[in-house]
Amino acid sequence: MGTFLLVAMIVEGLVGIACIGSPQAAFAPSGMEFNPAAVLFGRVFGSAIFALAVTAWLARRSGQPALMRIATEGLFAYYLVSSLVIIPAQLAGVMNATGWIVVALHLGLAAWARVAAAKG
């Protein structure tokens, strides 16, 4: 679980910081366009994603298997549900083909979280 939490911390920390700083730039490769309301929500999204990174870091740093499992299960839920939200948007053309990379990343991290939690 420790390696999974480290990778999740890095990925979500970078995405969170990018979205807080400039959601337009963070999502530009996907072809999404932003109005002022979307910029606000992109920054709020970034703050939530950054909080996931902090949670992963604290859980990993604790060294407590129960806490690490809880954080891993929470991240699994995030990756799975976000995939279920992103896939229909991708199919509807909200993002360009780059959006499939985001889907693959979330599904891959969901699978890894599931395996990591099971191994405990």
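Trainee: In what kind of crossing does α1 pass α5?

Mentor: α1 passes α5 in a left-handed crossing, meaning that the near helix is turned anticlockwise from the far one by less than a right angle. Helices here are DSSP runs (H or I, at least four residues), numbered from the N terminus. Please note that this is a predicted model, in which local features need pLDDT of at least 70, side-chain atom pairs count only at pLDDT 80 or more, and totals for chains, interfaces and linings use all residues. Residues are numbered from 1 along each chain as its sequence is written, and side-chain values use heavy atoms, leaving out hydrogens and water.

Trainee: At roughly what angle do the axes of α1 and α5 cross?

Mentor: They cross at roughly 150° and come within 10 Å; axes are lines fitted to C-alpha atoms over the stretch in contact, with angles from 0 to 180 degrees between N-to-C directions. α1 and α5 are therefore roughly antiparallel to each other, a label for angles over 145 degrees.

Trainee: And how do α4 and α5 pack?

Mentor: Helix α4 (residues 65–91) and helix α5 (residues 99–119) pack at about 155°, with axes 8 Å apart. That makes α4 roughly antiparallel to α5, and their crossing is left-handed. Their contact has 16 nonpolar, six polar and three charged residues. Asp, Glu, Lys and Arg count as charged, Ala, Val, Leu, Ile, Met, Phe, Trp, Tyr, Cys and Pro as nonpolar, and the others as polar.

Trainee: What about α3 and α4?

Mentor: The axes of α3 and α4 come within 8 Å and cross at roughly 155°. This crossing is left-handed.

Trainee: Changing topic, how many aromatic pairs are there?

Mentor: The whole structure has five, counting rings of Phe, Tyr and Trp (its six-membered ring) with centres within 6.5 Å. In one of them, Phe4 and Trp112 have ring centres 5.4 Å apart and planes at 75°, so the pair is edge-to-face (planes over 60 degrees apart). Phe4 lies in α1 and Trp112 in α5, so the pair ties together parts 108 residues apart in sequence.

Trainee: How much space lies in the largest pocket?

Mentor: About 720 Å³. A pocket is an open set of 1 Å grid points where a 1.4 Å probe fits, with protein on both sides within 12 Å along at least five of seven lines; lining residues have an atom within 4 Å of a point. The volume is the space filled by probe spheres set on the points.

Trainee: Which residues lie nearest its centre?

Mentor: Phe27, Phe45, Ile86, Val102 and His106, out of 29 lining residues.

Key: Helix = DSSP H or I, 4+ residues; strand = E, 2+ residues; numbered from the N terminus. Parallel < 35°, antiparallel > 145°, perpendicular 65-115°, else oblique. Phe/Tyr/Trp six-rings, centres within 6.5 Å; stacked < 30°, edge-to-face > 60°.
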